[in-house]
Amino acid sequence: MKKHELLKIMDDALLEKLFGYCYPRTRDSYEAQELCSDIVYALMKAAHSDGEIQNIDPFVWRTARNVYADFCSRRRQYSERFYEGDADEVWQSLADTREEDADGELLAAVYRQISFLTRTYRKIMILFYLDGLSTAEIAVRLGISETAVRQRLFSARKKVRSEVEEMNETGTKPMVLDQLEYAFWGEGDPEWGDPRNVCTRQFSRHIVWLCRKKPMSAAEIAAELNVPTVYVEEELDILASGENGQYGLLRKMNQGKYGINFILFDQKTIHEAQTIYEEQIPNICRVLLDFITGNKDAYLSFPYLNRQANLNLILWQQLWIMAGAFENQVETILNDQYFAGTGRTDRPYSVYAYVKNIAGTYCGRGLDGIEAENICGYSRVEAANLYCSFIRRHFQCGWNLAMDPQLQLALRAIHGIRSLSLTEREKEYAAKAVECGYLYRDGDMLYTKILVNEWKDRNRVFEISRKLRKGYFDQEANDTARKVAELIRRKVPSHLMKEWVYANRLASLTVFEKVAEELIRKGVLTAPEGGIGAEGCWMSVDGGQAQDSV
């Protein structure tokens, strides 16, 4: 292949592998990023040169090794200047050896093992051996007794010596991180702080996974992953703090250990949990079909502001409540009968997740809402859209309605607007709004297609469907609650038992999708072509009339 084709393989997967190569070979994440950038730069230079490459993978890793060799040379020159006059002393004191022919290699091993010490011991070693402070000076600086300093120095030196000797006998194993992906879900206000945003690298995910099995210390994680403790401590601080410093994916436990701070199911557990709910899909759909038939007129008589509102759009809007009614009844039983004394976690935002099967499909559904004030003549506006494999998402939480001309046209067209009154630019927006299902044409008029109701009716719009939560699934819900409660007690750590409701959420994730699929198959629902349309999207508006300009 031509060298310029290197650009085609420069994706996130390769960058992750390159960073995994750099991480165990550097002092901290910043240095690893610097080395990784040097390797990428070298590959980019090669891509802009003439010539051909016979085998792409060997070329990439040969380039990485060459860049690393240059990096080591520069770092060694700096270290020799920085530790001039002290290197032999450090080596002799820590490694207890006089073999001059192996001093460079052994000294490197000593430094590496220092990096595997926990923060407390590592700091004392650096202050004593590298900064040249006395034990008395260290005691003053750290606010501990001189005896404590001497004890920690002794313990640290003993640990370094033994591990250097063991390393010389067995060699070092590389850090190998298998591909690990989480399917995350969240409830509440993500702007308060979303801990998922600090768990994007494989290293982070593997630390979380280790702490899921049992609480672990930085040293234990470092030994498990063969990564210097300093890297692990840095990552633990980030994962425990989260995005806002209040809610992280890990929590500090006793004895300096860290435990998982959210519900995380492995592939076997998520399959077992979701099977419990999926066994009830035929019963759920049977009840829903009867309910829809019995309440068809009531749904159609709701006072939507649209010029016309067909049953298909109404049922897609209501499906979130209808399909969730069974889960809601199960949750009520779990709360009253199985976890009455446990309580629930109270925070503005919570996440839960399962391990994705990389070769499998991603199951799930979602409902996102946005709000705006004083826009298009309305004092308040709420908009919502749901999504699944049959419906694509129009917008997500945090979306700025004031910057969305298509949605603004939908607000203006509630009572209809003439297409001839639009500017050329507005006509382009209108065409896109028709294409995505926000508007429809009737002659030279444009009307809002997505469902719209008055602000005072925004809670009443689901009043009919909420009846399903009481008495429609008694036997089925009791059977499901019993099985889910048993699974939660087996699989959820005791310190996370207040998060039981999110374990139930994971178990019920596929219900919406399965119910929608069955109702489509029976002809009750029609999915939009290509997944994008008015289905599953609606608005509530308060005050005023739509204006005639965006």
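1. Ala340 is exposed, since its relative accessible area of 57% is over the 50% cut-off. This residue of the predicted model is found in the loop between helix H14 (311–338) and strand S5 (349–355). Not counting residues up to four places away in sequence, Ala340 touches Leu334 and Asn335. Both partners have numbers that fall within the 311–338 range of H14.

2. Glu476 is a contrasting case. Its relative accessibility is 16%, and it therefore counts as buried, the limit being under 20%. Glu476 has its place in helix H17 (residues 474–491). With neighbours within four places in sequence left aside, the residues in contact with Glu476 are Gln280, Asn283, Arg286 and Phe326.

3. Helix H9 deserves a separate point. Eleven of its twelve residues are buried, so H9 is largely enclosed by the rest of the structure. The buried residues of H9 are Gln202, Phe203, Ser204, Arg205, His206, Ile207, Val208, Trp209, Leu210, Cys211 and Arg212. From first C-alpha to last, H9 reaches 17 Å, close to the 16 Å expected at 1.5 Å a residue.

4. The packing of H9 on H10 comes next. Two packed helices are described by the angle between their axes and the distance between the axes. Helix H9 (residues 202–213) packs against helix H10 (residues 218–225) at an angle of about 115°, and the axes are 11 Å apart. The crossing of these two helices is right-handed. On the H9 side, the residues that meet H10 are Phe203, His206, Ile207, Leu210 and Cys211; on the H10 side they are Ile221, Glu224 and Leu225. By class, this contact of H9 with H10 has six nonpolar residues, one polar and one charged. The H9 residues named in the contact are also listed among the buried residues of that helix.

5. Aromatic pairs: the structure holds 15 of them. One is formed by Tyr182 and Phe184, edge-to-face, with 5.9 Å centre to centre and 85° between the planes. Tyr182 counts as buried because its relative accessibility is 9%, and Phe184 counts as buried at 14%.

6. A further edge-to-face pair is that of Phe462 and Trp538, at 5.8 Å centre to centre and 70° between the planes. Phe462 lies in the loop between strand S11 (451–454) and H17, and Trp538 lies in strand S12 (residues 537–542), so the pair ties together parts that are 76 residues apart in sequence. Phe462 is buried, with a relative accessible area of 10%. Trp538 also counts as buried, at 8% relative accessibility.

7. Which residues do ring pairs link into a cluster? They are Tyr21, Trp61, Tyr68 and Phe71.

8. Overall figures for the protein close the note. There are 19 helices and twelve strands. Of the 550 residues, 48% count as buried. Among contacts with a separation of 6 or more, 75% are accounted for by residues 24 or more positions apart.

Technical notes:
Residues are numbered from 1 along each chain as its sequence is written. This is a predicted model: local features need pLDDT of at least 70, side-chain atom pairs count only at pLDDT 80 or more; totals for chains, interfaces and linings use all residues. Side-chain values use heavy atoms; hydrogens and water are left out. Axes are lines fitted to C-alpha atoms, for helices over the stretch in contact, and angles run from 0 to 180 degrees between N-to-C directions. Helices (H or I, at least four residues) and strands (E, at least two) are DSSP runs, numbered from the N terminus. A crossing is left-handed if the near helix is turned anticlockwise from the far one by less than a right angle, and right-handed if clockwise. Contact means heavy atoms within 4.5 Å. Ala, Val, Leu, Ile, Met, Phe, Trp, Tyr, Cys and Pro count as nonpolar, Asp, Glu, Lys and Arg as charged, and the others, Gly among them, as polar. Buried means under 20% relative accessible area, exposed over 50%, partly exposed in between (1.4 Å probe, protein chains only). The expected span of a helix is 1.5 Å times one less than its number of residues. Rings of Phe, Tyr and Trp (its six-membered ring) pair if their centres lie within 6.5 Å; planes under 30 degrees apart count as stacked, over 60 as edge-to-face and the rest as tilted.
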